[in-house]
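Subject: Structure for you to look at, with notes

Hello,

Here is the structure I promised to pass on to you, and below it you will find my notes. Please read them with the model open beside you.

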Amino acid sequence: MKSLFLEAIAYLGKKGVTYADIRYVDTVDELISVEDMRVDGVSRSHDRGFGIRVLDRGAWGFASDWRIGPQSVIAACDLAIAFAHASSSVTSDRVSIEPGEAAKGIFYSPCEIDPFSVKLDNKLDYLLWACRVMKEHKNVMHGICKLNFRRIDKSFFNTAGSDIRQVFTESGGYIECIAILGDEVQRRSYPNSHGSNIARAGYEYVKEMDLVGGAEKARDEAVSLLRAKPCPESVTSVVIGGSQLALQIHESCGHPAELDRVLGDEVSYAGLSFLTPDKLDKYRYGSDIVNIYADATIPSSIGSFFYDDEGIKAGRFDIVKDGIFTGYLSSMESASHIGALSTGCMRSESWNLPPLVRMTNINLKPGKGSLAEIIGDVKDGVLLDTNKSWSIDTMRLNFQFGCEIAWRIKDGRLTEPYKNPVYSGITPEFWKNLTAISGPEEWRVWGIPNCGKGEPVQTMRVGHGASPARFDGISIGGLR
Amino acid sequence: MNRKDFSGPIDALIRRSEADYTIVSASRSYRKVLRFSDFRVKQSLSDDIIGVSIKAICGNRAGAAVAGSLEASELGSALKDAIDIACSSKPDKSVIPPSRNGVSQTSPSVFCPITDKFSIAEAFSAVSGIFDMARRAGVNIAGTLIFGGDEELVMDSGGFEVFRPSTISSLKLIATSADGGSAHSCRVTRDISDIDIAAETDRCIKRSCEARSPRAIDPGLYECILRPEAVGELMSWLSYTAFGAGQLYDGTSFIKGRIGKKVMDEKLTIYDDGKDSGTLVSDFDCEGVSKKKTYFVRNGIAAGFAYDTYYGNMYGLGSTGHAVSLYSSAGPMPSNIIIESGNSSESDMVRSVKRGLLVNRFHYVNGLLDTRNALMTGLTRDGLFFIEDGKIKYPVRDLRFTDSIMDAFKRIGGISKERVLISDPAGDSMSVLTPSILVSGLRFTSNAG
């Protein structure tokens, strides 16, 4: 297989293209779902193919195929060149890039227990146990438990001489508890909602998750929400739990810092960004304690890698430092528009689509103290936890998030739960109201598997490190 | 590929299967995509993927596996996985083979040779023409031109076989002016020659000019004319949160427990019909079950749900032909939603509004806030206009709405006769054939940033 792609790189070199790269990706997935003590679905999938990207005459072309052989590879090379030349013919602007240094090697993400070697019976028994715990209460109508595993074996070759193979193993899982009383439906998830709990790790990650303990907590909280009051409308102090804060970082910092989006490439789908280049190194994005950074080197996160899909080495850099906006997520091409080098954020969902500028792990640096200490400083407010809904405008300014649960904070203590909480705001105003971040002991990376971008839409896996944090003067409310 | 290239390896696979019942749903999707902005084609690509889903049933136990190739070794490995999973799974009485006549079916042609032969050169020429028009008008233009096709095959161990080749094409445009005007246009069709590229571009450019210099207005409750793109977005969310039997089962649909009761205005009828020629015809699902016309809301009364074989058996109703996948636990979903047309025109609706808004399109809608009440939030995008005393007065800046769509659709002032097919060819395969709808109150909760 490797020789086939090296020959294709040589072929493209002989054709005299400015730059070309080839990705071959082989992916195996396993999904296991249990609902209400029945096996809802178990599936395995295997997918492989290659994509060829060519830069020539100042324009890009891309072609891919699932049929792997000399004929299909050369045909894809020629088609990618044809696309590049045709693109070049309709514009006078020319793409200029600076490829990174040639890299070679084989790299593996950490994995202690191969998840594909664990018997299905063991996985099902574990999920059924967690499900049984949730179903112990009469108002719990549905207990849903899921595990998912993935192995990605990706090879990358380019005309700069790179020859990189990366093998990633991913494991994840979560549970959802749906409690119903009359017309009232409440849901609690653990450890996170929307399947957002995946790590670059083996089956040892599943063992550490404690889905059974989480099932008991989810059950009790879902039932308690059935008779809880709606979250009252007010402007108040909020403490936001780590998983919800991860999504807040994702929507209001990660996406607006994508340089291709800033430059207008996403306007026909997801929109633009308020973080325009004139704001770089000047703009006050948040309070002095806001330090947000990208780090693609965190070993156990699904937002990590060794080299991106342009062959640029994974790294760490600041996006917001001491409250000031300082950096973009970028590619070779987008970085050239601001006179910079790529920050190594180009990734593709699969072999069949070209890479886009994507988040890696976008993290809020921890502060000091425990969650209890942060709550202890609140006289009157709420603790918000676990995402339920999300929405943000085309410039990434006006946002509204719904959470699964809120707890009233009174005189530094958690009191009653509130149902259906939402909070909303404008991105920089919100981050300027950040007054406390809990410490490293509360900090963890949340693996989010469903970030959508591009046309055709590409669903990417990203990570966000966060610890619970307090914001003052935030608009909250309760729906119905 | 021809039908034999597809069915040959799969037929051989099914004959080898030792499961009690084996079904295979194979699909190939091939597209050419030109994505452009700032007068440059930023992405030009050829994408060709194949997925072969195999479901094995052993007694009342099911297992599924997917191969991304037609190679015999890959298919054999997937079949073995599917049987192994079925043998390790737990019995479930709702697991049964799909119910059909067991004979091969012929699908109506949705394959257009013009689209199939459309060339890269023709595509770039079209995009070049779009750039020229936008330059002359002094607006920026972005969008996608997509053309290609799909091949879908369903075969089972009972001798059933159905194959459908189809073509697809689309043009999506967003025109933006320096002074804040923005407009959107999207046409999706099987036959690319049905898209009048110059006319679509011209309309989008003119609409962006009409939307220039938007003024800020206060959020609040407004009468609203929701144009088809806006209605289509809301319907897409309802198909995900309300219309499938999975949402009936888990109790989260706004229709659950309300069948036969009034849930929306009597003017409103919402159904799914994969055989309606006004939609992107898709007449069988991945289980090979013929799609039935399925009402969700009929004259404002909650009417029913979309079923696949599993949920159909669970509820004793049979499949309506809305299975989404052989291996996913997501449950059935509609794919060809239709809203019955009314007898108004958009200009009639504008004349009837005392103080309201004309909404072209929504952005980033989320329907998970409270699905039992179809509560959603989202923002307007690409053209929002203030209407006063029956006239469109001026463009306004975008607003966020947060409201129950079930409640908003209880207050319908009019439905247009004209309908538009809404679909996102770069996203999922769902389409919505919808009119414009006048609602007498939609709650806007804040100004966009």
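Two strands pair if DSSP finds at least two bridges between them, where strands (E, at least two residues) and helices (H or I, at least four residues) are DSSP runs numbered from the N terminus. This is a predicted model, in which local features need pLDDT of at least 70 and side-chain atom pairs count only at pLDDT 80 or more, while totals for chains, interfaces and linings use all residues. Residues are numbered from 1 along each chain as its sequence is written, chains are lettered from A and ligands numbered from 1 in the order in which they are written, and side-chain values use heavy atoms, with hydrogens and water left out.

I begin with a sheet in chain A. Four strands form an open sheet there in the order β13-β12-β11-β16, with antiparallel pairing. Because β13 (324–325) and β16 (362–364) of chain A stand at the edges with a single partner strand each, one side of each has no neighbour in the sheet. Strand β11 (residues 292–295) of chain A is joined to β16(A) by 3 bridges, and within this pair Ala294(A) stands opposite Ile362(A).

Next comes the interface between the chains. Counting contact as heavy atoms within 4.5 Å, 79 residues of chain B touch 81 residues of chain A. The two chains bury about 6,600 Å² between them, 51% of it on carbon and sulfur atoms; buried area here is the accessible area (1.4 Å probe) that two parts lose on being put together, summed over both. On the side of chain B, Arg35(B), Arg40(B) and Tyr364(B) lose the most area to chain A, together 11% of what that side buries.

Finally, consider the salt bridges, each being a side-chain nitrogen of Lys or Arg within 4 Å of a carboxyl oxygen of Asp or Glu. Between chain B and chain A the count is 12, and Lys90(B) forms a salt bridge with Asp125(A), with the closest N and O atoms 3.6 Å apart. Over all chains the count comes to 64. Within chain A, Glu170(A) forms a salt bridge with Arg461(A), the closest N and O atoms lying 2.3 Å apart. Glu170(A) belongs to strand β6 (residues 163–181) and Arg461(A) to strand β23 (residues 458–466), both of chain A, so the pair ties together parts that are 291 residues apart in sequence.

Best wishes
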